[in-house]
Amino acid sequence: MKKNGKKHAIIPIFIPHLGCPYDCVFCNQREITARTAAPDTRQVDATIKQWLTTLRDAEVEIAFYGGSFTGIPMEMQSAYLDVAKKYKDSGVVTKLHLSTRPDFIDEKILDNLKAHGVDVIELGAQSFDDLVLALSNRGHTADDTRRASRLIRSYEFQLGIQLMIGLPGDSRESCVMSARETVKLKPELARLYPTIVLDDTRLYQMYREGLYTPLTREEAVATTADMYRILDDAGIRIMRVGLKSTDIIGDGGAINGGTYHPAFRQLVEGRIAREKIEPLLEKVSSQAEARAADAGDGSAGEERGANIRRDRTLKVDVFSSPAWFSNMIGNSGENRKRFSEEFPRLNIRYRSDPDIRDGEFRVVVKEDPAEDPA
């Protein structure tokens with residue numbers, strides 16, 4: 001992603017779940033944490049230095065990940081942030097970023113984060129359905145997320161909300177509700193994660209025992225696309241959709257079920273593109289069919305109209321922004337293939353236009369066979 005003409009880059013610092021007393025059904029971090037020591041400040045400093053050697057002409061954030069940064073002891077939080085802050089103070093880094101739980105936010109914590117120059121706080125809300133949260137053993141409620149979000153906003157931090165799709169007890173309606181509740185909190189950014197069944201988790205045991213059925217990939221894509229539209233229409237920046245392969249970490253990272261896909265974001269954005277482009281092509285195709293039928297009215301023109309319908313195709317250009325070109329085509333070309341099969345009378349060419357907003361599309365008719373005398 002580029003901002004102000006510069007590439008936006010994140011230096012990730014992973015802090016294991018030392019501060020989290022809960023054992024969420026989907027999380028394998030407790031097993032990983034038992035085998036992985038938290039980095040010390042020298043290691044954090046070395047990691048930042050190493051990353052900076054690879055980042056040129058970029059706006060850089062340092063981000064502390066692990067899910068419960070503000071649950072670790074305050075002294076440890078401060079020690080980590082002291083290391084990061086010196087890079088921000090020097091101007092090498094533009095922002096400090098962390099993720100945590102909604103129930104690990106209070107005034108004392110936020111005072112300390114503000115003093116250390118933190119800019120962005122992401123909350124692992126996961127859902128705004130209290131039954132889903134309870135079945136997932138989250139240890140907090142939807143109201144905890146609302147309270148923490150209001151407090152974060154009152155301190156003028158940037159707010160991020162992370163949501164999961166397909167947790168135990170979840171439904172498409174519940175997920176859509178969670179997206180709408182997220183909009184009410186006015187976060188600057190969001191992440192959408194379909195639930196993945198990992199080894200060394202309670203969810204894996206539930207899956208093996210038949211107590212939990214993962215979403216199919218189609219269900220996950222359709223539901224996530226619904227949520228994406230709601231957040232995007234509200235102007236919320238969607239930082240991530242789906243897990244990267246590097247997010248499935250440690251020996252406990254084996255994936256079960258069919259929900260995971262390495263290009264899940266493209267599947268979702270490709271679905272959104274398809275659903276926006278199809279009506280435009282349907283309109284063009286219907287108009288072409290109507291004109292071809294009109295050309296066949298009367299005995300003199302009937303044979304000519306039949307030839308047009310049988311032998312000629314309408315040349316059409318479909319435009320997207322450069323960033324959404326691959327989404328317009330679809331993962332593995334699935335949209336292009338679908339449009340070709342669905343609209344056999346259209347000869348479709350796919351093009352990009354930098355003046356088109358991301359996620360919007362334009363269809364231009366290049367040739368009208370009904371007006372062609374040949």
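In this predicted model, Thr 41, Val 44, Asp 45, Ile 48, Lys 49 and Leu 52 of helix α2 touch Ala 79, Tyr 80, Val 83, Ala 84, Lys 86 and Tyr 87 of helix α3, where contact means heavy atoms within 4.5 Å. Sorted by class, this contact of α2 with α3 holds 8 nonpolar, 1 polar and 3 charged residues; Ala, Val, Leu, Ile, Met, Phe, Trp, Tyr, Cys and Pro count as nonpolar, Asp, Glu, Lys and Arg as charged, and the others, Gly among them, as polar. Helix α2 covers residues 41–52 and α3 covers residues 74–89; their axes come within 9 Å and cross at roughly 30°. Axes here are lines fitted to C-alpha atoms, for helices over the stretch in contact, and angles run from 0 to 180 degrees between N-to-C directions. The crossing of α2 past α3 is right-handed, that is, the near helix is turned clockwise from the far one by less than a right angle, with anticlockwise being left-handed.

A word on bookkeeping. Residues are numbered from 1 along each chain as its sequence is written. Local features need pLDDT of at least 70 and side-chain atom pairs count only at pLDDT 80 or more, while totals for chains, interfaces and linings use all residues; side-chain values use heavy atoms, with hydrogens and water left out. Helices (H or I, at least four residues) and strands (E, at least two) are DSSP runs, numbered from the N terminus.

On the α3 side the contact uses Met 74, Gln 77, Ser 78, Leu 81 and Lys 85, and on the α4 side Lys 108, Ile 109, Asn 112, Leu 113 and Ala 115. By class, the contact of α3 with α4 splits into 5 nonpolar, 3 polar and 2 charged residues.

The tally for α7 with α9 is 8 nonpolar, 2 polar and 3 charged residues.

Now for the strands. Strand β7 (residues 189–194) has 6 of its 6 residues buried, so it is largely enclosed by the rest of the structure; buried means under 20% relative accessible area, exposed over 50%, and partly exposed in between (1.4 Å probe, protein chains only). In a regular strand the side chains alternate between the two faces of the sheet. In β7 both faces are covered, with Leu 189, Arg 191 and Tyr 193 buried on one side and Ala 190, Leu 192 and Pro 194 buried on the other. Strand β6 (residues 158–165) pairs with β7 in the parallel sense over 6 bridges, pairing requiring at least two DSSP bridges between the strands. Gln 162 has Arg 191 in β7 as its bridge partner.

Another set of 3 strands forms an open sheet in the order β12-β11-β13, with mixed pairing. Strands β12 (346–352) and β13 (362–365) sit at the edges with a single partner strand each, so one side of each is left without a neighbour in the sheet. On average, neighbouring strands of this sheet are turned by 25° against each other, direction ignored. Strand β11 (residues 314–320) runs parallel to β12, joined by 7 bridges; Val 316 stands opposite Ile 348 and Phe 319 opposite Arg 351. With β13, β11 runs antiparallel over 4 bridges, and Val 318 has Val 363 as its bridge partner. Of the 7 residues of β11, 6 are buried.

As for the protein overall, there are 13 helices and 13 strands, and 52% of its 374 residues count as buried.
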